[in-house]
Amino acid sequence: MPIRLATPSDCIDLVEVERAASPYPWSLAQIIQNCRRQSSRILLLAQEDGTTSIGFAILNGVVDEITLLNIAVHPDYQGQGHGMALMQEVLPTAVEMGGRRLLLEVRNSNNAAIALYRKFGFSDDGVRREYYPAADGREDALLMSMQLVSEK
C-alpha cells in the first residue's frame with residue numbers, strides 16, 4: 001500500500017483514523033496545525049486506490065532531533081503489518097528532515113507499540129509520570145529514542 005506525504009486536504013481522513021484508533025484522539029485543529037507546520041511531516045498510508053486512509057505518522061523536527069508525535073493505524077487494519085510499514089518510512093523521512101536522533105513517547109500499557117519500536121532499535125530513556133489521560137486518571141509515558149545518524 002502506498003505511503004505519501006499528507007496534505008492539508010487529508011486532515012479529515014487523518015482525524016477519522018485517529019478517532020477510530022485512539023480513546024483520546026487528537027483534535028482536527030491539532031492535526032491541521034501539524035499539516036501546516038514547516039517543521040512537520042505527516043506520512044499517510046492509504047489503500048491502493050487512495051480512497052481509504054489506513055494510518056499515518058506525524059513527525060516534527062527541532063534542529064537535529066525529530067519527534068514521532070503520533071502514529072496510528074485504523075483498528076480495521078491493525079495486526080497486518082501497517083505499523084511496521086509506516087515505521088519503515090518514518091526512519092528515512094526523519095533523516096531527510098535532518099534528524100540525527102528520533103524521539104517518542106508511548107503509553108506504558110501499549111505493549112504492541114513498544115515491541116514495534118524496540119524491533120526498530122529504540123531504547124528506553126525514562127518515564128514521564130501521569131502523561132496520558134486514562135479511564136482511571138492518568139497513565140505514564142515511556143520515553144524512547146534511537147540514533148539515526150552515528151555521532152562523529
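## A ring, a charge and a sheet

The charged end of R128 lies over the ring of Y131, 5.4 Å from the ring's centre. Keep in mind as you look around that this is a predicted model.

The structure holds 2 aromatic pairs. One of them joins Y131 and Y132 in an edge-to-face arrangement, with 4.9 Å from centre to centre and 80° between the planes. Those two values are given because a pair of aromatic rings is described by the distance of the centres and the angle of the planes.

Are these tyrosines, and the cysteines C11 and C35, buried or partly exposed? Buried means under 20% relative accessible area, and the table gives each residue's value.

| Residue | Relative accessible area | Class |
|---|---|---|
| C11 | 3% | buried |
| C35 | 17% | buried |
| Y131 | 34% | partly exposed |
| Y132 | 17% | buried |

How many disulfides are there? The count is 0.

Now turn to the strands. Strand β2 (residues 40-46) is mostly covered, with 6 of its 7 residues buried. Strand β1 (residues 3-5) pairs with β2 in the antiparallel sense over 3 bridges, and here L5 stands opposite L43 of β2. Strand β3 (residues 53-62) pairs with β2 as well, again in the antiparallel sense, over 7 bridges. Within that pairing, I42 has I58 in β3 as its bridge partner.

What do β2 and β3 form? They make a hairpin with 6 residues between them. In its turn you can find G50, which has a positive phi of about 75°.

Note on methods
Residues are numbered from 1 along each chain as its sequence is written. This is a predicted model: local features need pLDDT of at least 70, side-chain atom pairs count only at pLDDT 80 or more; totals for chains, interfaces and linings use all residues. Side-chain values use heavy atoms; hydrogens and water are left out. Buried means under 20% relative accessible area, exposed over 50%, partly exposed in between (1.4 Å probe, protein chains only). Helices (H or I, at least four residues) and strands (E, at least two) are DSSP runs, numbered from the N terminus. Two strands pair if DSSP finds at least two bridges between them. A disulfide is a pair of cysteine sulfur atoms within 2.5 Å. Rings of Phe, Tyr and Trp (its six-membered ring) pair if their centres lie within 6.5 Å; planes under 30 degrees apart count as stacked, over 60 as edge-to-face and the rest as tilted. A charge sits over a ring if NZ of Lys or CZ of Arg is within 6 Å of the ring centre and within 35 degrees of the ring normal.
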